[in-house]
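Biologist: Can you walk me through this one? I'd like to start with strand pairing, then move to the domains.

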Amino acid sequence: MASWLEQLQRELAGRGLTVASIPGKGRGLIATFTFFPGDVILNQEPYASTPNKILVGSSCDHCFTSGNLRKCSMCRVTWYCSSNCQKEEWKLHQLECRAMAALTENRKKMLTPTIRLMVRLALKRKLQNEKVIPSSSIDNYNLVDALESHISKVDENQLVLYAQMANLVSLILPFIELDLKEIAQTFSKFACNAHTICDPELRPLGTGLYPVISIINHSCVPNAVLIFDGRTAYVRALQPIDKDEEVSISYIETAAVTKKRNNDLKQYFFTCTCPRCVKGFDEDPLLEGFRCKNQTCDGFLLPSSGKKAYTCQKCGASRDVEEIKNMRSEILQLSDKASSFLSSGNKAEAGSIYKIIEQLERNLYHAFSTTLLHTCETLLKIYLELQDWWTALTYCRLTIPVYERVYPPFHPMIGLQFYTCGKLEWLLEFTEDALKSLTRAADILKVTHGVKSQFMKELFGKLEEARAEVSFRLSSRHGHDE
């Protein structure tokens, strides 16, 4: 009988892919034919998954939707949106339900998403072994077993925590013989292999283990993107991927300077050698740099020798280090004030302070600075929540040129931002602007999200509505002209 690896390779060959060993990177996924932007390279159901918020019932355990939820009456831990989803999960949940129902209320509170993911993984493994749940070439425990745990690089405190977590799992599942050392090692695998399941607008919903997708390596300039529809993971090409080229996705937020990206990648135990990281320090001054004090110049500052001043790389004007230091400390003080207003729920007050911060940052940072970008994103979020559409639109429009600068052309963040922009323009009756924004959104998101999901159908519906309204306005204008 063919080994699990041969079965996997056979399955992938049918999809134009192969698993190969890549120098310096371990395993990776290689294309064996050409993929074009928007093509689905790979899709996979999770081996195990769990919503993020367990006891409050934020999403259905099976399909991750958030509407119409009802609690399982037996264990009072899991939530479902329909009897259909409950049936789909029943074989797995039957055992889990028994285990959860036996827990004391205090123990139930200890059910973090990570613990729950492990419980489900152990149960699925048992049920697949007993042939109660079918396994396939892309859905079997061997794939989990083959994942890298990096346990030898994990620090002592973390190892102690993994051991305690393994212990808790064995208390929850007393009817299964568990190897505690193996469970601790699997927790370490979760840390560098599990994926955050997000909704179409990239808001986190839960965590899942997708062992075939975990074979795909990271790049800060990826040629593919991972997007979820419910809990099904889809990897789609963002640009043409040639035969024999490696498929890559990004594990982290890439709108950041090299140092920040390297720091975010530490949990995965590797150093990124993508083109952006190798020559990263060319773009870093732009992403974190200070602006020239000359208002008409769009240059950025570089530290002068002696560090007493910063000099503009374009016009040579210099800016005093002390002046920059003072401005930064003023911004810092205001930021503390604004975030305390935000956490106490006073959004209007927080918004007005963030507006002052944004003005100060515009005088200090370059227009493409990620610091300034994050302030605009915060302002957008605040004014959307306050339903002040006009102010929200102002900040939404300010973020787009920066997104286009820091992300590749087909990136979901750019598409989603155009979508937000279009929805706001539509609410404010800037119909022609809305049509332009929604068109840009659809052009990008049909590559990253495909065209079949409910989310995309809604976008296409809004686009059609805007198109009809614009042509109606044009024809009525022509009618008046004649």
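**Strands, then domains**

Modeller: This is a predicted model. Strands β13 (residues 301-303) and β14 (residues 309-312) pair antiparallel, over three bridges.

Biologist: What stands opposite C312 of β14 there?

Modeller: L301 does.

Biologist: And which strand does β14 join through three bridges, besides that one?

Modeller: Strand β15, residues 318-320. β14 and β15 run antiparallel. Y310 stands opposite R319 in β15.

Biologist: How many residues sit between the strands in the hairpin of β14 and β15?

Modeller: Five. G316 in that hairpin takes a positive phi, near 85 degrees.

Biologist: Switching to domains. What are the bounds of domain 1 and domain 2?

Modeller: The domain assignment gives 1-46 + 212-253 for domain 1. Domain 2 is 47-195.

Biologist: How far apart are their C-alpha centres?

Modeller: The centres of domain 1 and domain 2 lie 25 Å apart. In contact are 18 residues of domain 1 and 19 residues of domain 2.

Biologist: What area do domain 1 and domain 2 bury between them?

Modeller: About 1500 Å², with 59% of it on carbon and sulfur atoms.

Biologist: How many salt bridges cross the interface of domain 1 and domain 2?

Modeller: The rule finds one across that interface.

Biologist: R231 came up already. Which side chain meets that of R231 in a salt bridge?

Modeller: The side chain of E89. The N to O distance is 2.9 Å.

Biologist: And polar contacts between domain 1 and domain 2, how many residue pairs?

Modeller: Five, with both residues at pLDDT 80 or more.

Biologist: Which elements give two or more residues to the side of domain 1 that touches domain 2?

Modeller: α1 (4-13), β3 (40-44) and β10 (224-229). The largest share comes from α1, with four residues.

Biologist: Last topic, annotations. What does UniProt list for residues 60-97?

Modeller: The UniProt record, an unreviewed entry, lists "domain: MYND-type" there.

Biologist: How much helix and strand is in residues 60-97?

Modeller: The span is 39% helix and 11% strand. Its end C-alpha atoms lie 15 Å apart.

Notes: Residues numbered from 1 in each chain as written. Predicted model: local features only at pLDDT ≥ 70, side-chain atom pairs only at ≥ 80, totals over all residues. Heavy atoms only, no water. UniProt positions renumbered as here; feature names shortened; annotations may be inferred. Pairing = 2+ DSSP bridges. Domains from an automatic or database assignment. Contact = heavy atoms within 4.5 Å. Buried area = accessible area lost by both parts, 1.4 Å probe. Salt bridge = Lys/Arg side-chain N within 4 Å of Asp/Glu carboxyl O. Polar contact = N/O pair within 3.5 Å; in protein donor to acceptor, adjacent residues only side chain to side chain.
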